[in-house]
Each structure stands twice: as structure tokens, then as C-alpha cells.
Amino acid sequence: MRSADAGPIDPREPREGMDLSTTTSPNVANAVETVVSHLHPTPSWDIADHPMPKGLEELWRFTPVKQIRALLLEGDELPGLTWESDLPDGVEFTTEPKERIRELVIEPPVDRVAAIAAARTSKVAVLRVPAGMELPEAVVLTGTGNGEQAAESFLFEVGAGARATLVLQFRGSGSYACKYDIRVGDGAEVNLVNVNDWDSDAIHAGQLTVEVGRDARIRTVQASLGGNVIRLVERAAYTAPGGELEQFGLYFVESGQHVEHRLFVDHNMPKTRSNVDYRGALQGEGAHSVWIGDVLIRKVAEGIDTYEANKNLVLTDGCRADSVPNLEIETGEIEGAGHSSTTGRFDDIQLFYLRSRGIPEAEARRLVVHGFFNDIIRRIGVPEVEKRLLDQVEKELDMAAEAMRAAQ
């Protein structure tokens with residue numbers, strides 16, 4: 001990876017109200033109370049606080065634990081992925097000793113995979129967009145696995161008032177445990193796009209934490225289209241009022257593949273907003289998707305507005321989509337809060353409408369799926385990434401049509 005000349009990142013003093021744990025309290029006029037719930041694991045750097053899962057625990061009951069076992073084991077340090085990018089002038093890339101991880105990142109790990117990633121990483125990679133910088137083009141970073149096991153901790157910092165689009169592309173093979181932290185400064189605007197386009201045998205699991213500054217706006221997109229097992233824990237909280245967060249996701253799950261997204265939005269500040277919309281399509285025997293959404297509205301979070309939605313489209317028999325939305329409200333002084341979850345096959349009315357206008361059934365199905373995903377893809381804002389995702393959806397639909405023809 002090419003980087004601009006940059007010195008070491010200055011150590012950051014601990015900031016009040018930054019811990020995303022719901023078992024500790026942001027210091028907002030001493031008004032936030034502790035929340036204890038089976039939905040909220042306690043963040044900890046100690047691996048012993050994250051025992052080896054058996055698959056029966058609430059946090060692991062949907063996960064194929066045996067398939068990700070390599071990411072749960074303690075051991076020696078591991079290399080990270082091979083990263084490629086052409087960074088714009090002024091964007092700083094550096095690495096820090098792993099001993100500084102606790103002072104640099106936003107929060108400790110919340111599960112064993114993230115704790116193992118933090119313990120076995122060889123260094124902390126840091127990418128910084130300075131305050132006030134406006135990047136006209138997306139910064140694209142491509143991480144490639146070489147078929148071996150890898151572990152990594154990565155911190156992204158976008159300074160106050162900056163404007164940036166960051167695209168992280170994951171390719172290749174192997175088993176990858178990660179801990180990512182994204183700190184967005186006051187008044188900044190960030191688009192963060194993750195494209196999980198792994199080879200069919202890859203395993204990718206870890207934790208991604210977002211910190212939203214005062215009046216900052218951040219949009220994240222998770223596109224999971226490859227790999228064998230993907231399990232991502234995505235967490236977000238606010239440093240001050242006025243922050244806005246949008247989280248979008250799409251996943252296309254094939255036979256034998258497991259894709260799991262677990263989201264937690266902590267409205268720990270008043271006058272904040274969030275909107276979550278994840279959509280998935282499944283086809284093939286044993287295709288399994290999991291979406292767990294949780295929004296916590298604390299007592300101090302008056303005047304907030306939030307909504308979370310998950311939609312799943314089942315294309316063939318033999319698929320399973322688990323969708324569990326949660327909404328925890330501790331104050332009634334809010335603008336709005338809601339959630340929804342739907343899982344089903346093609347809409348017969350839509351298909352009838354299209355076929356009644358002379359469109360063959362196979363093409364009608366294709367149009368419905370494209371419409372299902374387009375709402376998410378068009379929000380990415382990076383034309384080359386949007387095109388690649390549309391092409392991938394088209395490829396998956398061709399495979400589904402071929403499978404249907406073979407079954408007839």
C-alpha cells in the first residue's frame with residue numbers, strides 16, 4: 001500500500017461517553033443507567049472473558065461454530081491480508097505496535113473472534129483522513145487472502161469536517177479474523193462500503209465499530225456475495241448530539257453458505273438518528289442467512305429517530321433465513337422508533353403484473369430481484385462498485401435459473 005509521509009499517530013486521551021458497552025454508562029450529566037441484557041455482551045480485552053462457544057449461547061446459536069473454529073483458537077501472531085491501494089495525497093497510512101491497540105481503538109472486543117483477532121494481530125494498521133479534507137474520488141482498498149489464516153486490527157479515522165468515501169474489498173481465500181474501528185469526527189461525512197467478495201471456501205468473521213461525531217453523517221454498506229462463512233458484528237454509537245447513521249446491507253446466499261450480520265445501534269446521545277436496511281436473497285440447499293438487529297434508546301437519548309428493517313427473498317427450496325429485530329426503549333421522549341422484518345418468496349402480484357404484460361416468468365423473476373436490491377446498490381455512490389454488484393446479482397440469477405431448469 002502506498003502512503004503519504006506521516007509520522008506516528010499521537011496517543012489519544014480516553015474520551016468520556018465513548019464506550020459502546022451497555023454495561024457501562026456514557027457520562028452524559030451522569031444520567032445514563034446501566035443496561036443489563038442477554039443481547040449485550042460485555043466488551044473485554046481478556047480472551048478468558050469470551051469463553052469458547054458451544055453453539056448454544058445466545059450470541060452463537062445461529063453460527064456454525066465448528067466451521068469457524070480456527071478463528072476461535074489462541075496462538076502465535078498472524079499476518080494480515082495483502083492490501084493494495086493508491087492513496088490520495090494527504091491521506092495518511094501508518095502502522096502502530098499492537099501494544100497500543102487499547103489506546104487507539106474505540107472499544108474492546110465483544111466476542112471471542114474479535115478478541116482473538118486483537119491478540120493475534122502483529123500490528124495496528126491506521127488510515128487517517130485529516131480534518132477538513134474533501135476527497136472527490138473514493139479511496140479503494142483491496143485486501144486479499146492467500147489461503148492461510150490471517151488476523152488484523154484496522155483503525156480508520158476521518159477528521160472533523162472531512163468528506164470521504166472509503167471502499168474495502170475483500171478477495172481471495174483463507175480464514176480471516178478482524179477488528180475494525182471507524183472514528184468519524186464532528187461534522188464529517190463518510191461513506192464506508194464493504195464488499196465481501198471472497199472465494200467460495202473463505203471464512204471471514206469479526207467486529208466493526210463505528211463512532212459518530214457531533215453533527216456527523218455516516219453511511220455504511222455491507223455487501224456479502226462470496227465466501228463460505230461470513231459473520232460480522234457491526235456496532236455503532238454517538239459522541240454528541242446531531243449525529244446521523246445509515247446502515248445498508250445486501251447479501252446473496254448460495255447452497256451451503258452461511259452469512260450472518262449482527263447489528264447494534266446505541267442511541268446514547270439525544271437528537272441522533274439512525275436508519276438500518278438490510279436485504280438478502282437465498283437459493284440452494286442449505287443456504288442460511290442470519291440478521292440480528294438491535295437498537296437501544298437510552299434514557300438520555302431524547303428526540304432521537306430510528307428505524308431498522310430486514311427483508312429476505314427466498315428463491316428456492318431448502319433455504320433458511322433467520323431474522324431477529326430488537327428495539328429497546330428507555331425514554332418516551334422520541335421522534336420515532338420502529339422495526340420490521342419480512343421473509344418470503346416472490347410476490348405473486350408483482351409476477352402476475354409483469355407476466356400479464358408479456359414478460360416471460362424467468363425474466364419477470366429477474367426484474368423483481370433487481371428491484372429488490374437496487375434500492376441498496378444505488379446508495380453506494382461509487383459507479384464501478386455499483387456495476388460490479390449488479391453484475392454479481394445477475395450472475396447469481398443465472399445460476400438460479402439454471403437450477404430451476406435442471407429441477408423441472
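The protein chain contains 5 helices and 16 strands; helices (H or I, at least four residues) and strands (E, at least two) are DSSP runs, numbered from the N terminus. This is a predicted model, in which local features need pLDDT of at least 70 and side-chain atom pairs count only at pLDDT 80 or more, while totals for chains, interfaces and linings use all residues. Residues are numbered from 1 along each chain as its sequence is written, and side-chain values use heavy atoms, with hydrogens and water left out.

**The chain as a whole**

Of the 408 residues of the protein chain, 57% are buried. Buried means under 20% relative accessible area, exposed means over 50%, and partly exposed lies in between (1.4 Å probe, protein chains only). The accessible surface of the chain is about 16,800 Å², and carbon and sulfur atoms supply 47% of it. Accessible areas come from the Shrake-Rupley method with a 1.4 Å probe; for residues, only the protein chains shown count as cover. Among contacts in the chain with a separation of 6 or more, 86% are between residues 24 or more positions apart. A contact here means heavy atoms within 4.5 Å.

**A series of parallel strands**

Strand E7 (residues 203-212) pairs with E9 in the parallel sense over 10 bridges. Two strands count as paired if DSSP finds at least two bridges between them. Alanine 205 is opposite arginine 231 in E9. E9 also pairs in the parallel sense with strand E11 (residues 258-267), over 9 bridges, and alanine 236 has valine 265 in E11 as its bridge partner. E11 and E13 run parallel and are joined by 10 bridges; aspartate 266 stands opposite leucine 296 in E13. Another 10 bridges join E13 to strand E15 (residues 320-329), again in parallel, with isoleucine 297 opposite isoleucine 329 in E15.

In a regular strand the side chains alternate between the two faces of the sheet. E9 is largely enclosed by the rest of the structure, because 10 of its 10 residues are buried. On one side of E9 are Val229, Arg231, Val233, Arg235 and Ala237, and on the other are Ile230, Leu232, Glu234, Ala236 and Tyr238; all are buried. Strand E13 (residues 288-297) is mostly covered too, with 10 of its 10 residues buried. Both of its faces are covered, with residues including His288 and Asp294 on one side and Ser289 and Trp291 on the other.

Alanine 237 lies in strand E9 (residues 229-238). It counts as buried because its relative accessible area is 3%. Its C-alpha atom is 6.1 Å from that of valine 265, which is 28 residues away along the chain.

**Helix H2**

Helix H2 (residues 112-120) has 8 of its 9 residues buried. These buried residues pack against helix H1 (101-104), strand E4 (139-158), E5 and E7. At the start of H2, a side-chain oxygen of aspartate 111 comes within 3.2 Å of the backbone nitrogen of valine 113.

Aspartate 186 sits in the loop between strand E5 (163-184) and strand E6 (189-196). It is partly exposed, at 39% relative accessibility. Not counting residues up to four places away in sequence, it touches Ala160, Gly161, Gly213, Arg214 and Thr239. Its side chain reaches the backbone nitrogen of arginine 214 at 2.9 Å.

Glutamate 308 is in strand E14 (residues 305-314). It is buried yet has no salt bridge, and the nearest side chain of opposite charge, lysine 311, is 12 Å away. Lys and Arg count as positive and Asp and Glu as negative; His and the chain ends are not counted.

**Salt bridges**

The whole structure has 27 salt bridges. A salt bridge is a side-chain nitrogen of Lys or Arg within 4 Å of a carboxyl oxygen of Asp or Glu. The table lists examples.

| Salt bridge | Closest N and O atoms |
|---|---|
| Arginine 217 and glutamate 244 | 3.7 Å |
| Lysine 311 and aspartate 277 | 3.9 Å |
| Aspartate 391 and lysine 387 | 2.9 Å |

Aspartate 391 and lysine 387 both lie in helix H5 (residues 383-407), 4 residues apart, about one turn of the helix. Glu92, Arg128, Glu157, Arg183 and Glu211 are linked in a network of salt bridges.

Note on methods: A polar contact is a pair of N or O atoms within 3.5 Å; within protein, one must be able to donate a hydrogen and the other to accept it, and residues adjacent in sequence count only if both atoms are side-chain atoms.
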